[in-house]
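Please keep the sequence and the model at hand while reading.

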Amino acid sequence: MILASVLTTNLAILVLAGFIGFVVISKVPNTLHTPLMSGTNAIHGIVLLGGLILFGLAGLDAFSKALLVIAVAFGTINIVGGFLVTDRMLDMFKSRPKPRGGEDGSADDGKAGSDGKAGS
Amino acid sequence: MTGLPLATSFLQSESFIYVLYIVAFALFIQGLRGLSGPTGAVRGNRIAAVGMGIAVLATLLSPGEGNWGLIALGIALGVAVGVPAARQVKMTAMPQMVALFNGVGGGAVAIIAWVEFRNHGSTYGSHLAVRTFESGPFVEHAIVHTGALPTYVAIFSVFAAIVGSISFWGSNIAFGKLQEILPGRPISLGSAQQIVNLVLLILVLAAGIDLISGAHSELLFIGMLIVAALLGNAVVLPIGGADMPVVISLLNAFTGLSAAATGMALNNPALIVAGMIVGASGSILTNLMATAMNRSIPSIVAGGFGGGGAVEGAEGAGEHHGTVRSTSASDAAIQLAYANRVVVVPGYGMAVAQAQHAVRELTKELEARGVEVSYAIHPVAGRMPGHMNVLLAEADVPYDQLKEMDDANPEFQRTDVSLVIGANDVTNPAAKNTPSSPIYGMPILEVSDSRSVIVIKRSMNPGFAGIENELYFDPKTAMLFGDAKSAVSEITAELSAL
């Protein structure tokens with residue numbers, strides 16, 4: 001009974017999360033699809049939690065521990081790298097609506113220059 | 001735990017940790033909602049990052065958590081690799097980066113499933129096993145009452161292992177192709193490929209079912225991981241470079257779904273929700289990309305484009321050798337300067353040449369002369385969804401100049417000059433006119449409708465699809481051969497000298 005409720009509760013979460021995902025992601029415009037992908041890279045870094053949970057098990061042998069270190073490192077790469085690179089990308093979009101007249105070029109050039117340095 | 005102060009036991013209580021997980025996934029969803037427009041996007045990303053921080057913290061608070069030194073080591077390794085990678089990657093290399101990150105995520109999922117099997121595999125398929133989970137916030141809950149690891153845990157765990165392994169290897173191959181470590185052209189076993197794939201799939205499913213029903217063999221589990229790895233290789237290797245946006249999106253979905261399965265196996269709501277959202281995102285993008293190429297996902301995965309495309313491309317090359325008119329930077333500059341309306345059609349060639357800044361300079365110069373400039377962006381321009389928009393944003397191109405395909409196409413007829421920079425297949429009129437072409441039916445930018453066309457291209461080599469482009473033989477098309485960046489800079493220099 002309890003077992004069934006744990007499974008069914010989680011299945012309900014699974015299905016609802018799928019629907020919410022479809023609704024939320026459908027609203028992301030084409031322009032932002034690359035940041036969306038790197039952002040979802042960061043979010044699936046959540047598998048880090050799986051590694052952390054298993055590290056709490058008693059009686060892990062050395063090989064299991066070595067594997068888990070890799071898993072935790074992989075998850076962290078996803079989270080840290082994913083969020084940082086998404087932030088970098090979105091920052092370039094953020095400055096967009098400002099230069100309507102195209103005459104505040106000096107401020108923009110400064111920004112582009114610093115981004116260029118970070119990028120090379 | 002009886003000796004601990006009350007506050008600690010509250011912080012470590014299952015309900016409190018569960019609430020933190022709920023807060024975390026609420027923040028993920030709220031963060032992604034921010035991505036619906038560029039203004040809220042930076043904030044959205046940061047909100048999602050805060051959610052991630054909370055989820056990690058909640059897990060570290062869980063009772064029985066241990067091996068702190070090793071956890072710190074893993075996180076330190078991840079930060080040491082992830083931070084410089086994210087800081088230094090060039091915007092042109094984003095597809096590789098995303099492919100690599102997909103793979104890393106899939107790899108983590110497969111490893112976690114493996115460790116879980118090493119430690120609990122003996123209870124798979126058995127309902128009599130003694131309680132073995134000493135910790136893990138919620139799995140414990142289920143086991144305390146039944147004394148066995150339920151079968152569904154084994155099912156989700158095996159699913160995660162298979163899909164994670166496929167995603168890891170498939171993504172690494174995609175990375176290799178995009179980074180040009182591996183040839184971008186399809187590598188396949190020809191007609192035997194689909195049979196091989198089918199055999200691998202059957203093998204991997206058989207191993208999985210055997211494990212779920214109680215085969216307590218780690219060797220079998222490792223064998224299953226290896227066959228899944230082979231399947232990942234076998235599926236992605238035959239896919240040509242032109243289909244990469246679809247493949248990356250698909251692998252993104254795979255990694256997400258495998259993370260959700262891990263969440264089901266470990267009974268962790270944050271993992272389930274985050275995994276499903278990523279799965280949904282990957283699925284939507286896969287569908288979108290496939291539609292933009294007029295291709296079905298099964299036919300891409302079956303590797304149809306590769307062989308057929310290359311053969312037909314070779315035939316096309318024989319048929320077509322019409323005359324190609326080449327032009328010079330100064331002629332191109334004059335042509336552009338006296339136009340009323342210019343549409344820039346950027347493609348991957350512009351990206352590899354890092355020419356986006358040079359293009360921006362050119363269009364600024366044209367605008368100063370009163371020329372109306374816009375950019376027509378094909379959904380699959382570049383090597384991943386939305387790639388071209390990022391590159392142009394990096395070069396400070398204003399939003400309102402970026403036109404999506406459906407808005408751009410009707411306007412070509414009143415365009416004086418279309419400037420095609422490093423785009424090839426997405427401008428090929430064969431997609432509309434030549435039913436025998438492998439890209440027939442693919443939606444294209446109707447560049448050939450404009451009054452004249454200038455194509456900047458390195459050479460007459462065909463694009464990633466391996467097909468000759470009829471546009472280049474059109475009498476109103478002039479070819480400017482050269483590297484995109486230097487060619488565009490030359491035009492700009494000529495233009496300012498006019």
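1. Basis of the note. This is a predicted model, in which local features need pLDDT of at least 70 and side-chain atom pairs count only at pLDDT 80 or more, while totals for chains, interfaces and linings use all residues. Residues are numbered from 1 along each chain as its sequence is written, and chains are lettered from A and ligands numbered from 1 in the order in which they are written.

2. Chain A. The chain has 5 helices and 0 strands, in the order α-α-α-α-α along the sequence. Helices (H or I, at least four residues) and strands (E, at least two) are DSSP runs, numbered from the N terminus. Of the 120 residues in chain A, 52% are buried. A residue is buried if 20 or more other C-beta atoms, placed from the backbone, lie within 10 Å of its own, exposed if 12 or fewer, and partly exposed in between.

3. Contact between the chains. In all, 84 residues of chain A are in contact with 105 residues of chain B; contact requires C-beta atoms, placed from the backbone, within 7 Å. On the side of chain A that touches chain B, at least two residues come from each of H1 (2–26), H2 (33–44), H3 (48–55), H4 (62–94) and H5 (105–119) of chain A. H4(A) gives the largest share, 30 residues. By type, this side of chain A comprises 50 nonpolar, 25 polar and 9 charged residues. Here Ala, Val, Leu, Ile, Met, Phe, Trp, Tyr, Cys and Pro count as nonpolar, Asp, Glu, Lys and Arg as charged, and the others, Gly among them, as polar.

4. Strand E4 of chain B. This strand (residues 417–421) is mostly covered, with 5 of its 5 residues buried. Val417(B), Leu419(B) and Ile421(B) point one way, and Ser418(B) and Val420(B) the other.

5. Partners of E4(B). Two strands pair if DSSP finds at least two bridges between them. E4(B) pairs in the parallel sense with E1 (residues 341–346) of chain B over 5 bridges; Val342(B) has Val417(B) as its bridge partner. E4(B) also runs parallel to E5 (residues 452–457) of chain B, joined by 5 bridges, and Leu419(B) is partnered there by Ile454(B).

6. Helix H17 of chain B. This helix (residues 387–394) is largely enclosed by the rest of the structure, because 8 of its 8 residues are buried. Among them are His387(B), Asn389(B) and Glu394(B). After H17(B) comes Asp396(B), with a positive phi near 70°.

Note on methods:
Two residues are in contact if their C-beta atoms, placed from the backbone, lie within 7 Å.
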